[in-house]
Amino acid sequence: MKILILGAGGQVGTDLRPLLLARGATLHCFDIKDAPAGLQDGVAWSQGDITDKAAVEGLVGDVQPDVIYHLAAMLSATGELNPQAAYRVNMEGTYNVLECARERNVSQVMFASTIAVFGPGLESPVPDDVPLLPATMYGVTKVAGELLGTYYHRKYGVDFRGVRFPGLINAGIPGGGTTDYALYMFVDGIQKGAYECFVGPESTVPMMYMADGLRAMVELSEAPRSSLTRCIYNIGAVSPTAAEFADAVRARVPGVKLTFKADPKRQAILDSWPAAVDDTCARSDWGWKHQFDLDAMSDDLVEKIRAM
């Protein structure tokens, strides 16, 4: 199995690489950033811009992948600082990927969508099919990406599949998402002994440990197409309040100082998202089930961050 990971240098791509290698895949990675130090043996890396269609075309032609994991994107908070750049990266990039998949007969395209596609006023848990009225450029581009990929599936037969990630948490450096406050509690709490959270203590959105999120993408990729009833799936895990995250850190990091001072812009983004999602379709179509609750996630995070 030859797999091309676009946006391989981000949080998801970094953790996805070893998982796919362990499953016997041959990997070629592409990112705007240079190859990281300590890249796994046997992993090829190309540096380039996802908005450069010629570069993407050349790469897909050279690699001839069986599956493309399209992870390249500007995230919500970063995207609001420069929405024009977010549009170029997220919209033009997704179009380029789908066109190359169509032209080169790539067997499958995996797409990383997000709960940012949802807008305010939805009752939780939010099912897969509701009006999608996002409050950020990031969310707008992800809605468009979902619809465009589904169109390419129906029109051209591209096997387009994707998950709507909740806020993802892993033992690494946060990448510019609005839900990064949860990870900062652990990282800064352990490394610096204190963190001032940029949202209020009662803030609640769906969250997921990265290991579960990666497994969801891989399991969806490996599911028989005949078992799938849709292209894009909600996936859920836990929905702790920011205060509950803080309590989990305090229970494991004695003496840590965690405070709250909501930033109005990021709080408004967070408040536009649902507190929980309904992932019944994922569970029934391809057997999705999360493994990490808040305690299991917190235990694993603390151990890994202390080892960083």
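1. Basis. The model is predicted: local features need pLDDT of at least 70, side-chain atom pairs count only at pLDDT 80 or more, and totals for chains, interfaces and linings use all residues. Residues are numbered from 1 along each chain as its sequence is written, and side-chain values use heavy atoms, with hydrogens and water left out.

2. The sheet. Seven strands make an open, parallel sheet, and their order is S3-S2-S1-S4-S5-S6-S10. Strand S3 (44-47) and strand S10 (232-234) are the edges, each pairing on one side only. From one strand to the next the twist averages 20°. Helices (H or I, at least four residues) and strands (E, at least two) are DSSP runs, numbered from the N terminus. Two strands count as paired if DSSP finds at least two bridges between them.

3. Three bridges link strand S6 (residues 159-165) to S10, in the parallel sense. Within this pair, Val163 stands opposite Tyr233 in S10.

4. Helix on the sheet. Helix H4 (residues 83-104) packs on the sheet and touches strand S1 (2-6), strand S4 (67-70), strand S5 (108-114) and S6. Contact here means heavy atoms within 4.5 Å. The direction of H4 makes about 175° with that of S4. Axes are lines fitted to C-alpha atoms, for helices over the stretch in contact, and angles run from 0 to 180 degrees between N-to-C directions.

5. Strand S5. Buried means under 20% relative accessible area, exposed over 50%, and partly exposed in between (1.4 Å probe, protein chains only). In a regular strand the side chains alternate between the two faces of the sheet. Both faces of S5 are covered. Gln108, Met110, Ala112 and Thr114 are buried on one side, and Val109, Phe111 and Ser113 on the other.

6. Neighbours of S5. S4 pairs with S5 in the parallel sense over four bridges. Val67 has Gln108 in S5 as its bridge partner. On S6, seven parallel bridges join S5, and Val109 is partnered there by Phe160.

7. His70. This residue sits in strand S4. His70 counts as buried because its relative accessibility is 2%. Leaving aside residues up to four places away in sequence, His70 touches Leu6, Ile50, Gly93, Thr94, Val97, Met110, Phe111 and Ala112.

8. The cavity. How many cavities of 30 Å³ or more are there? The count is one. The largest cavity has a volume of about 30 Å³. Its lining is His70, Ala72, Ala73, Asn90, Thr94, Phe111, Thr141, Lys142 and Gly145. H4 and H5 each supply at least two lining residues; H5 gives the most, with three. On a 1 Å grid over the protein atoms alone, a cavity is a set of points where a 1.4 Å probe fits but cannot get out, and a pocket is an open set with protein on both sides within 12 Å along at least five of seven lines; lining residues have an atom within 4 Å of a point. Grid points are joined across faces, edges and corners, and a volume is the space filled by probe spheres set on the points.

9. The largest pocket holds about 840 Å³ of space. It is lined by 38 residues, of which Gly10, Leu71, Ala73, Met74 and Leu75 are the closest to its centre. Helix H1 (11-22), strand S2 (26-31), helix H3 (76-81), S5, helix H5 (137-156) and strand S7 (167-169) are the elements that give two or more residues to this lining.

10. Backbone points to check. Ser124 and Pro125 are joined by a cis peptide bond, with omega about -5°. Pro125 lies in the loop between S5 and H5. Two non-glycine residues deserve a look for positive phi: Gln64, near 50°, and Asn105, about 55°. Gln64 is in the loop between helix H2 (53-63) and S4, and is exposed at 53% relative accessibility. Asn105 is in the loop between H4 and S5, and is exposed with a relative accessible area of 65%.

11. Cysteines. Taking a disulfide as a pair of cysteine sulfur atoms within 2.5 Å, the count is zero. For Cys29, the nearest cysteine sulfur is that of Cys100, 17 Å away. Cys29 is buried at 0% relative accessibility, and Cys197 is buried at 1%.
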